[in-house]
Amino acid sequence: MKAIIGGTGFDRMEGLALTRGVVENRYGESELFVGEGLVFLPRHTSAHSVAPHMINHRANIQALADLGVDEVVAIYAVGSITDRLRPGEVGIVSDYVDFTGRVHTFFDEGEVVHTNSDEPFSSSLAARARGEMADLVDNLVYVTTNGPRLETKAEIAFFARQGFDVVGMTLAGEAALLAERTIATLALAYSINWAAGVGEGSISFISDEEIETLKGEIIRLSRTILSV
Ligand code: HPA
């Protein structure tokens, strides 16, 4: 079984016969859309009603594990810190930094497990993605902030000096838990704005039409990569 995890702009997946379900496991509830060989998980729910810092990543990732998911394409809307990935562009995330302060683990009782994080994402899924879309930006470093507020200019200037490329609020938690459940993951970031203080003037987002176009491209790419 394969899964696509969608975020902001990707709360619904049109054009596929998927059945909505709410599953419950020991970590809580998760809303999923299940079809032939594919699960779609909208991390903020299909109503986009769960803020990033409130997402129950453990319930979501456990639900995927329980369905036998072994490969995931996880899609993240991000802000651009550098011009390596500009608003309206899509890229592959190869590494991340966690500034959330949240604890993201399944191993918090009974068993002490330190999961390797030196290669957090699947190199074979990334190779498939590069083979499908030659102009994908590669090797992005994603810094995860707690949110839900956007960053200050000083925070983004600090992140830029560290060499981080893009900023968002959700990847670190998901990546850690997917790794703990040994689910191979491709993380795709698409930029919807220049981060605070990077572009001209105050933060502005790309248009809904641009997001729709990008969404179409990314869903086609994700389905090809996962053969679903
Ligand atoms: N900051 C944090 N998360 C985001 C941003 C941003 O600028 N854009 C999209 N998600």
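A residue is called buried here when its relative accessible area is under 20%, exposed when that area is over 50%, and partly exposed in between, the probe being 1.4 Å and only the protein chains counting as cover. By that scale V34 is partly exposed, because its relative accessible area is 29%. V34 is found in strand β3, residues 28-35, where helices (H or I, at least four residues) and strands (E, at least two) are DSSP runs numbered from the N terminus. The C-alpha atoms of V34 and F10 are separated by 16 Å, the two residues being 24 apart along the chain.

The structure is a predicted model, in which local features need pLDDT of at least 70 and side-chain atom pairs count only at pLDDT 80 or more, whereas totals for chains, interfaces and linings use all residues. Residues are numbered from 1 along each chain as its sequence is written, and side-chain values use heavy atoms, with hydrogens and water left out.

The residues around the ligand are A77, V78, G79, L150, E151, V167, G168, M169, I192 and N193, a residue being counted as near if one of its heavy atoms lies within 4 Å of the molecule. By class, this shell has six nonpolar residues, three polar and one charged; Ala, Val, Leu, Ile, Met, Phe, Trp, Tyr, Cys and Pro count as nonpolar, Asp, Glu, Lys and Arg as charged, and the others, Gly among them, as polar.

Which elements give two or more residues to the shell around the ligand? They are β5 (71-80), β8 (166-168) and β9 (184-194), and the largest share, three residues, comes from β5.

A nitrogen atom of the ligand is 2.7 Å from an N or O atom in the side chain of E151. Backbone atoms take part as well: a ligand nitrogen is 3.2 Å from a polar backbone atom of G79, and a ligand nitrogen is 3.5 Å from a polar backbone atom of A77. Taken alone the ligand exposes 260 Å², of which the protein buries 92%, these accessible areas coming from the Shrake-Rupley method with a 1.4 Å probe.

The space taken by the ligand is the largest pocket. A pocket is found on a 1 Å grid over the protein atoms alone, as an open set of points with protein on both sides within 12 Å along at least five of seven lines, and a molecule sits in one if more than half of its atoms lie within 2 Å of its grid points.

Strand β5 also contains A74, which is buried because its relative accessibility is 0%. A74 and L188 are 114 residues apart in sequence, yet their C-alpha atoms are 6.2 Å apart in space. For another pair, K2 and R149, the separation is 147 residues in sequence and 32 Å in space, C-alpha to C-alpha. K2 lies in strand β1, residues 2-6, and counts as buried because its relative accessible area is 18%.

The backbone geometry deserves a separate look. Most residues other than glycine have a negative phi, and most peptide bonds are trans. The peptide bond from G147 to P148 is cis, with omega near 0°, and P148 is found in the loop between β7 (137-145) and α3 (153-162).

Where does H48 have its place? H48 is in the loop between β4 (38-42) and α1 (57-66), and its phi is positive, about 45°, although it is not a glycine. With a relative accessible area of 36%, H48 is partly exposed.

N139, which lies in strand β7, has a positive phi of about 60° although it is not a glycine, and N139 is partly exposed at a relative accessible area of 45%. R84 and N139 are 55 residues apart in sequence and 9.6 Å apart in space, C-alpha to C-alpha. R84 lies in the loop between β5 and β6 (90-99) and is partly exposed, with a relative accessible area of 36%.

Methods
A polar contact is a pair of N or O atoms within 3.5 Å; within protein, one must be able to donate a hydrogen and the other to accept it, and residues adjacent in sequence count only if both atoms are side-chain atoms. On a 1 Å grid over the protein atoms alone, a cavity is a set of points where a 1.4 Å probe fits but cannot get out, and a pocket is an open set with protein on both sides within 12 Å along at least five of seven lines; lining residues have an atom within 4 Å of a point.
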